[in-house]
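Open your viewer and get your selection tool ready. We will walk through a few spots together, one selection at a time.

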Amino acid sequence: ATVAWTSLGACSGTAAVPAPTAKPTPAKVTEGSGGCPQAFALGTEYEADERVSLNGIVYKCFGTVGAPNWCGTYSPEDESGAAAAAWTVVGSCSGVIPPTKAPSGAGGNPGCPKAWVSGTAYEALDQVQVDGMIYECDEIYYGHCPYREPGTVPGDESWTKKGKCEGTLAPTTAPSVPLDAPGCPAAFSASATYEGGDSVEVGGVVYECKAWPYSAFCSLTNFEPGSDNSDLGWIKKGGCDGTIAPTSSPTKPPAELYYDTGCHHPWLASDLDTYVPGTRVSYNNYVFECKSDIHYSKFCKQAAYSPSGIYWSLAWNKIAWCEGTMAPTSTPSAEPSLTPSAEPSLKPSASPSDEPSLKPSAEPSLEPSLKPSASPSD
């Protein structure tokens, strides 16, 4: 025992136990409106620097990484030591802080936006609410907004917390569509072929097909307007109501876009091997020209990129409108060809040749020749 204890001498009686000292009280918090902030509630999600009160003491949630989550997990008075990683003492308080006006929701209107619904096609800057908290869809990672719930760890990348709200937002009027005539364009059809600038309607919303090369997506399955992949080919323009008044019959395109000499030879699958950069064909009263690019022109030789298909814009340029067929070429020229024909003509020439033929004719002539032959016949 001498290794661990040292004797201090003999004693008698019982020593008096000093009275315990009171726990020191931190200085009173003086900034703000006075009074105690909201009482701590275990399980609440607290933000960095958010203050709570517990038994007359004010605590502040740490702003370090992960600390806001710990603040709702550990009580500021937790004696395990874990609370020290989440809370710090700010001071003491008494009374309550007068309630402030509830924060306004999105767009300056008081109230909460619609609740987040999994699978909804949210876009950048769209706002939703979850448990009375407003979240805004991120401009970069908005593609995850339909699937990652705001307020969760996966959702923190796609949603930004904007503040608390109460009630509902007043409904707004449907956005108008910048069209020359009021009303909705034709409804989207999965069997139609769309080009850049085409407008369609889906569920009272107008979508416009993006310019090439993104227009190639507008006619593909799984890229329909309003779908999860819609933004690859379509631009949401706004809401609409009713129908667009029919326009007058189309007029002939400008002269530089119109062939008055007729349409070129039609595109044929049997001619695929002949299509090279600059080749022109016709389809559905339009003239198409095979692209000059050494890479894209190779698509002209593939049936999947025909002018009648949905991928035609990768291989062909639509250059003009046409009608009718091209007229045949003019009659043969007056001058003979440089190479004789393989077969003799059906009629003899008007004048005899200067030299006799190598073989006698099958039948004698009706009239004698004007000059005797050089040698007598046998």
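Select cysteine 300 first: beyond its neighbours within four places in sequence, cysteine 300 is in contact with Leu272, Tyr275, Cys290, Lys291, Ala315 and Trp316. Keep in mind as you look around that this is a predicted model.

Now widen the selection to the largest nonpolar core, which has 12 residues in all. Cys300 belongs to this core, together with Trp267, Leu272, Tyr275, Val281, Phe288, Cys290, Tyr305, Trp312, Leu314, Ala315 and Trp316. Apart from this core lies another, of 10 residues; Val52, Tyr59, Cys61 and Cys71 are among them.

## Stop two: leucine 54

Next, pick leucine 54, which you will find in strand E1, residues 51–54. Is leucine 54 buried or exposed? Its relative accessible area is 19%, and the cut-off for buried is under 20%, so leucine 54 counts as buried.

Show what surrounds it: setting aside neighbours within four places in sequence, leucine 54 is in contact with Tyr59, Ser75, Pro76 and Glu77.

## Stop three: glutamine 129

Finally, go to strand E4, residues 127–130, and select glutamine 129. Glutamine 129 is buried, with a relative accessible area of 18%. Which residues does glutamine 129 touch, not counting those up to four places away in sequence? They are Cys112, Pro113, Lys114, Ala115, Trp116, Ile134 and Cys165.

Before you leave, display the backbone nitrogen of glycine 132: a polar atom of the glutamine 129 side chain lies 3.0 Å from it.

Terms used
Residues are numbered from 1 along each chain as its sequence is written. This is a predicted model: local features need pLDDT of at least 70, side-chain atom pairs count only at pLDDT 80 or more; totals for chains, interfaces and linings use all residues. Side-chain values use heavy atoms; hydrogens and water are left out. Helices (H or I, at least four residues) and strands (E, at least two) are DSSP runs, numbered from the N terminus. Buried means under 20% relative accessible area, exposed over 50%, partly exposed in between (1.4 Å probe, protein chains only). Contact means heavy atoms within 4.5 Å. A polar contact is a pair of N or O atoms within 3.5 Å; within protein, one must be able to donate a hydrogen and the other to accept it, and residues adjacent in sequence count only if both atoms are side-chain atoms. A nonpolar core is a set of buried Ala, Val, Leu, Ile, Met, Phe, Trp, Tyr and Cys residues joined through side-chain atoms within 4.5 Å.
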